[in-house]
Every structure is written in C-alpha cells, then in structure tokens.
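Welcome! Here is a short briefing to read alongside the structure, taking one topic at a time.

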Amino acid sequence: MKTKLLSTLFTLFLLGFVSFSHGQQTTSDPLRFSAGVLTGYNRGFGMHANIMAHNFAPGFPFELRFGMGYTLLNPGNAADARRIFINNATNGTPEKKGRSFDIRFDFLLSKPLFGTGHSYLVLGPRFSTFRGNFVYVGGNEDFDVTSHQWGIGAGIENHFRMTSNLNLIMAIGLDHYFPSTLTGHDTSYSPDNDNINPREDNQDGDTPFTYRDADKAIRQPVFMPRAMIGVSFGL
C-alpha cells in the first residue's frame, strides 16, 4: 500500500515537473526530455528507471532527473532478527529475503571527466522504503521488518552516443541513508531509543535490546554503492 502511494505521489510530482518545465523553455534552447533504464549492482541486484529534463531553464547549470529504483538485497541476520523482534526461540529453519524501493531526484552537472562520451557529476536527495522478510520453516514464524529513510547520493556517469536518439550509460556512485525506525511484528526500535515493546536479551541478563542491536542485525540501507549500466533515449 505504501509503495502504491509513493508511486502515485511520484507520478503527480513528475506531471507537475513536466508542466512547470514546459513553461521554462525558449525557442533558442528548447526543453528536451529523455528516459533511461539501468540495471546492475546496488548492494544487490538493482533496476532503475528515470526521466531527465535537458535545458531546464535559460542559464540553469544542471540537468534534472527523477528516478525510481528497486533492489533485491540481504536483509540481515535471521537468528538475531528473531531474538530482537520476536522471541528467543531457536527452532525452525531460517529463510530470508529483502528489498528496497527508492525514489531519487538528481542534479547532473556536465563535466569532461574521461575524454570520451558525455560525463556528468551527479548529486541529489533520496527516499527509500526497506522490507526484510524472515521465515522460520517449522518454527511457526513469518514476519517483516520495515523502515523508511531519507538519504543523499552522489556519483559519476558517462553517456556514450550510440545513435542520434540512443545513449549507452555507465554509472557509478554511492547513496547514504540516515538512521530510521525499524519496525517488526509488534516491536519498533528508534535511533533515539524511544522504543516500543523491546525484547529482552536472555544472553545478557534480560537487558532490553536497543536500536544499536536492531540496526546491527537488520541491514537496512545505509551505504549503497552503485555500479550500473543501461540506456537512455530521447522522448
């Protein structure tokens, strides 16, 4: 449900962006759009789609881009996740899977970095929704741990012209997401340790678990290195 809401908000934001952008174009330097798709490594297997505005406004030094990404990643330590969010039971065979859905807004500054193609320095804000699923087959446990995070990212891209309307894109970069509340089952751990229903650690005198424990067990996005390849085409 939250993913659908984010997608709707992104679409409305994008439509507003396009409408505003059309009002900025001039006959001497017309506004152009291109769309892109990329795939590759993003701390796991990732896919990314975007739309980019060229010549956004007279004298504006950046090109602008909105994008959405989906990444499959390791959600963390299954045994610790169970202890911190459910109970101290150890029965059952653990299985796990994780994913991150992100929305990103980039400022792209054209720079001659490699002497080939067309290069950009990239910088912009990020928003991510993370979900890690943990199942204990035979142990009667199946639960999700989720978080929602803001972040910032930077990178370098090289765009190689293949045809008049098609570019090959090679991109590397790093996104950093800020600490956020981790929620699972009926328990949540917040960065300020204003936690809800924290479990007790039976290996440490029944001391309640803290956000640090939860963040160590669950691999929500923090540093997300990217190395991706794809194409862009004019609209």
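**The pocket, the cores and a few loops**

Strand E1 (32-41), strand E2 (45-54), strand E5 (118-137), strand E6 (141-163), strand E7 (166-177) and strand E12 (223-234) each contribute at least two residues to the lining of the largest pocket. Keep in mind as you explore that this is a predicted model.

**The largest pocket**

- The volume of the largest pocket is about 390 Å³.
- Its lining is made up of 20 residues, and Arg32, His54, Arg161, Asn167 and Ser232 are the ones that lie nearest the centre.
- Sorted by class, the lining of the largest pocket holds ten polar, seven nonpolar and three charged residues.

**Helix H2**

- Is helix H2 (residues 78-85) mostly covered or mostly open? Helix H2 is mostly covered, with six of its eight residues buried.
- The buried residues of H2 are Ala78, Ala81, Arg82, Arg83, Ile84 and Phe85.

**The nonpolar cores**

- In soluble globular proteins, nonpolar side chains tend to be buried together.
- The largest nonpolar core here has 20 residues, and Phe85, Phe134, Phe143 and Ile218 touch the most other members.
- H2, E5, E6 and helix H3 (211-217) each supply at least two residues of this core.
- Which element gives the most to this core? H2 does, with four residues.
- Another core lies apart from this one; it has five residues, among them Phe33, Ile51, Ala53 and Phe66.
- Take a closer look at Phe85: leaving aside its neighbours within four places in sequence, Phe85 is in contact with residues including Phe143, Val145, Leu182, Tyr189, Ala214 and Ile218.

**Two residues with a positive phi**

- Asn193 is not a glycine, yet it has a positive phi of about 60°.
- You can find Asn193 in the loop between strand E9 (187-189) and strand E10 (200-201).
- Asn193 is partly exposed, and its relative accessible area is 40%.
- Asp206 is not a glycine either, and it has a positive phi of about 60°.
- Asp206 sits in the loop between E10 and strand E11 (207-208).
- With a relative accessible area of 42%, Asp206 is partly exposed.

Note on methods:
Residues are numbered from 1 along each chain as its sequence is written. This is a predicted model: local features need pLDDT of at least 70, side-chain atom pairs count only at pLDDT 80 or more; totals for chains, interfaces and linings use all residues. Side-chain values use heavy atoms; hydrogens and water are left out. On a 1 Å grid over the protein atoms alone, a cavity is a set of points where a 1.4 Å probe fits but cannot get out, and a pocket is an open set with protein on both sides within 12 Å along at least five of seven lines; lining residues have an atom within 4 Å of a point. Grid points are joined across faces, edges and corners, and a volume is the space filled by probe spheres set on the points. Ala, Val, Leu, Ile, Met, Phe, Trp, Tyr, Cys and Pro count as nonpolar, Asp, Glu, Lys and Arg as charged, and the others, Gly among them, as polar. Buried means under 20% relative accessible area, exposed over 50%, partly exposed in between (1.4 Å probe, protein chains only). A nonpolar core is a set of buried Ala, Val, Leu, Ile, Met, Phe, Trp, Tyr and Cys residues joined through side-chain atoms within 4.5 Å. Contact means heavy atoms within 4.5 Å.
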